[in-house]
Amino acid sequence: MANGGAFRHQPRPPSTGTPIADSRPSPNSTPSGPTTMQNRSHAVMAQRVEPVESADDFPTPPWATRALFEHVLGDKAALSSQTCLEPACGAGHMAKVLEEYFGEVHASDAFDYSYGKVRDFLTRPYPANAFHWVITNPPFRLAEAFILRASNVAQRGVAILARTVILESVGRYERIFRDMAPTKFAPFVERVPMLKGRLDPKATTATAYAWLVWEKGNRTGPQLIWIPPCRKRLERQSDYPDPRTSPTFDDSPLASSQPKPTASGDEGRAAEMAAGGFAGAPGGE
Ligand SMILES: C[S@@+](CC[C@H](N)C(=O)[O-])C[C@H]1O[C@@H](n2cnc3c(N)ncnc32)[C@H](O)[C@@H]1O
């Protein structure tokens with residue numbers, strides 16, 4: 001961590017990214033400036049581009065947050081006496097899952113989604129080590145600034161859900177990863193579809209996501225953890241409150257009546273390769 005913690009080996013000045021004005025518009029207001037290049041089809045492409053002033057509201061499917069606790073972090077029981085800040089909570093799709101594990105969850109967002117407090121995580125002063133954990137899915141263009149800020153605000157650890165391409169780029173290597181490598185890098189082997197402003201269990205995506213975890217006091221090198229197929233087991237019908245997009249799930253923990261995502265985009269191609277007997281084609285992609 002920046003303040004004498006174990007995250008960072010050699011402190012570097014934080015890059016705060018693009019500052020966001022204090023007066024927050026609703027996330028649904030139309031941003032002035034370039035049009036959002038959002039793919040309106042089910043497939044969300046890897047090179048998603050959001051205008052600078054966009055809220056970048058892409059809710060996390062709840063099963064992908066549960067996967068952090070079920071497959072990446074150890075000692076779930078200890079979390080029930082710990083605090084967690086979700087500093088970019090949006091409509092609360094990740095924060096509600098954090099409440100399943102933590103004793104106390106604080107949720108805030110720079111925009112008003114009628115969930116949590118309205119606070120800009122990058123400009124609001126927080127004391128160092130204010131929460132045991134900081135866990136979120138930040139706007140990708142601000143991910144670097146969120147990681148650096150969270151490393152100061154968290155006492156125990158930081159977990160960030162981001163596109164796997166976050167590991168690439170010389171700039172991010174020099175500003176974060178060289179001196180503050182995550183203690184765990186956990187890519188999903190399944191796709192995690194994220195759509196602008198809504199959850200849709202039928203959506204597919206070309207984008208790969210991973211959890212990046214920094215645990216204070218963990219001095220071992222970065223650990224690579226594949227998050228195994230787990231969507232079927234961790235998804236609940238109550239995760240999708242919109243009956244128009246919510247098919248029927250069996251909410252039991254070992255649910256089996258799970259709708260299969262439509263094979264399209266790269267997932268469809270992988271299925272074609274597998275059907276064609278391509279020796280190296282894994283089950284998913
Ligand atoms: C990708 S969405 C994730 C929402 C939520 N964490 C989830 O996973 O469902 C990113 C969120 O970051 C919020 N945001 C953008 N800039 C922010 C800032 N400077 N401080 C706090 N939240 C911010 C957006 O309003 C949006 O809700």
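**Confidence.** I started with residues 28-47 of this predicted model, where pLDDT stays under 50. The model still has 33 contacts beyond four places in sequence for residues 28-47. I found pLDDT under 50 over residues 1-6 too, with 18 such contacts. Where pLDDT is low, the predicted coordinates should not be read in detail, so I moved on. For the protein as a whole, I noted a mean pLDDT of 77, with 66% of residues at 70 or more.

**Sheet.** Next I traced the strands. They form an open sheet of 8, in the order β4-β3-β2-β5-β6-β9-β7-β10, and the pairing is mixed. Which strands stand at the edges? I found β4 (117-118) and β10 (223-224) there; each has a single partner strand, so one side of each lacks a neighbour in the sheet. β4 runs parallel to β3 (residues 104-109), joined to it by 2 bridges. Across that pair, I saw Asp109 opposite Val118.

**Helices on the sheet.** I looked up two helices. Helix α1 (residues 62-72) lies across β6 (154-163), β7 (184-187) and β9, at about 50 degrees to β9. Helix α4 lies across β2, β5, β6 and β9, and runs at about 165 degrees to β6.

**Core.** The largest nonpolar core has 56 residues, and Leu98, Val134 and Ile160 have the most contacts inside it. Helix α4 (residues 143-153) gives the largest share, 7 residues. I checked Ile160 beyond its neighbours within four places in sequence: its contacts include Ala143, Phe146, Ile147 and Leu212.

**Trp214.** Is Trp214 buried or exposed? I have Trp214 down as buried, because 27 other C-beta atoms lie within 10 Å. Trp214 sits in strand β9 (residues 209-215).

Terms used: Residues numbered from 1 in each chain as written. Predicted model: local features only at pLDDT ≥ 70, side-chain atom pairs only at ≥ 80, totals over all residues. Core = buried A, V, L, I, M, F, W, Y, C linked by C-beta atoms within 7 Å. Buried ≥ 20, exposed ≤ 12 C-beta atoms within 10 Å, placed from the backbone. Helix = DSSP H or I, 4+ residues; strand = E, 2+ residues; numbered from the N terminus. Contact = placed C-beta atoms within 7 Å. pLDDT = per-residue confidence, 0-100. Pairing = 2+ DSSP bridges. Axes fitted to C-alpha atoms, helices over the stretch in contact; angles between N-to-C directions.
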